[in-house]
Amino acid sequence: MVKEFSYRGIPKEELENMSLEKLFQLFNARQRRSLTRGINDGKRKLIEEIKAAKAGKLKNPIKTHVRDLIILPYMVDVTVNVFSGKEFKPVLIRTEMIGHYLGEYVITNKKVSHGAPGVGASRSSLYVPLK
């Protein structure tokens, strides 16, 4: 049996039909503050592109540097390429992502893997024989 997704006890279908004011009340304070303070031009452009992609009018993949956009229910099932600081990484927006930021799903740093210490790294490495 497949578990049905619900956001704070409300199923996905009701979330899509809910007004934005009621939806904002379900979000945490930080997301609510971000959404009520207004949407700037960069976010507005990305929202329009997502709506066009959802309607099937957009042929090119969506690429964006906007990482602080909060995922809303109408954005589900759209793939957005988010910039990680080095490259664009595809993010398929799923229902579990509602209320989170877009940048949470693209990591901006990588694990540091140090090599062996070289000559001059420490006092004792001066006495390591070279091959």
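Predicted model: local features only at pLDDT ≥ 70, side-chain atom pairs only at ≥ 80, totals over all residues.
Strands of a sheet pair through backbone hydrogen bonds, in either the parallel or the antiparallel sense. E3 and E4 are parallel and share three bridges, and Thr 64 is placed opposite Val 82 of E4. E4 and E5, in contrast, run antiparallel and are joined by five bridges. Across this second pairing, Phe 83 stands opposite Phe 88 of E5. The hairpin formed by E4 and E5 has four residues between the strands, and Gly 85 in this hairpin adopts a positive phi near 105 degrees.

Helix H3 (residues 29–36) contains the buried residues Gln 31, Ser 34 and Leu 35. Viewed down the axis of H3, these buried residues fall within an arc of 95 degrees, so they line one face of the helix. Ala 29 and Thr 36, on the other side of H3, are exposed. The packing partners of the buried H3 residues are H2 and H4. After H3 comes Gly 38, which has a positive phi near 110 degrees.

The largest nonpolar core comprises 31 residues, and those with the most contacts inside it are Leu 15, Phe 27, Leu 46, Ile 50, Met 75 and Val 80. Two or more residues of this core come from each of helix H2 (20–26), helix H4 (41–55) and strand E4 (79–83). For Met 75, contacts beyond four places in sequence are made with Ile 47, Ile 50, Leu 69, Ile 70 and Ile 93. Of these partners, Ile 50 is itself among the core residues with the most contacts.

Ile 93 is located in the segment after E5. Its relative accessible area is 0%, and the residue is therefore buried. Apart from neighbours within four places in sequence, Ile 93 contacts Ile 71, Met 75, Val 76, Asp 77, Val 78, Val 80 and Leu 102. The C-alpha atoms of Ile 93 and Val 80 are 7.6 Å apart, while the two residues are separated by 13 residues in sequence.

Thr 95 is also found in the segment after strand E5 (88–92). Its relative accessibility is 12%, and Thr 95 counts as buried because this value is under 20%. The side chains of Thr 95 and Glu 96 make a polar contact at 3.5 Å. When residues up to four places away in sequence are not counted, Thr 95 touches Phe 5, Lys 12 and Val 76. Val 76 is also among the contacts of Ile 93.

Lys 43 belongs to helix H4. With a relative accessibility of 12%, Lys 43 falls under the 20% cut-off and is therefore classed as buried. Its contacts, leaving aside neighbours within four places in sequence, are Ser 34, Val 66, Asp 68 and Leu 69. One of these, Ser 34, is a buried residue of H3, and another, Leu 69, is also touched by Met 75.

Terms used
Residues numbered from 1 in each chain as written. Heavy atoms only, no water. Buried < 20%, exposed > 50% of the residue type's maximum accessible area, 1.4 Å probe, protein only. Polar contact = N/O pair within 3.5 Å; in protein donor to acceptor, adjacent residues only side chain to side chain. Contact = heavy atoms within 4.5 Å. Core = buried A, V, L, I, M, F, W, Y, C linked by side-chain atoms within 4.5 Å. Pairing = 2+ DSSP bridges. Arc of directions from axis to C-beta.
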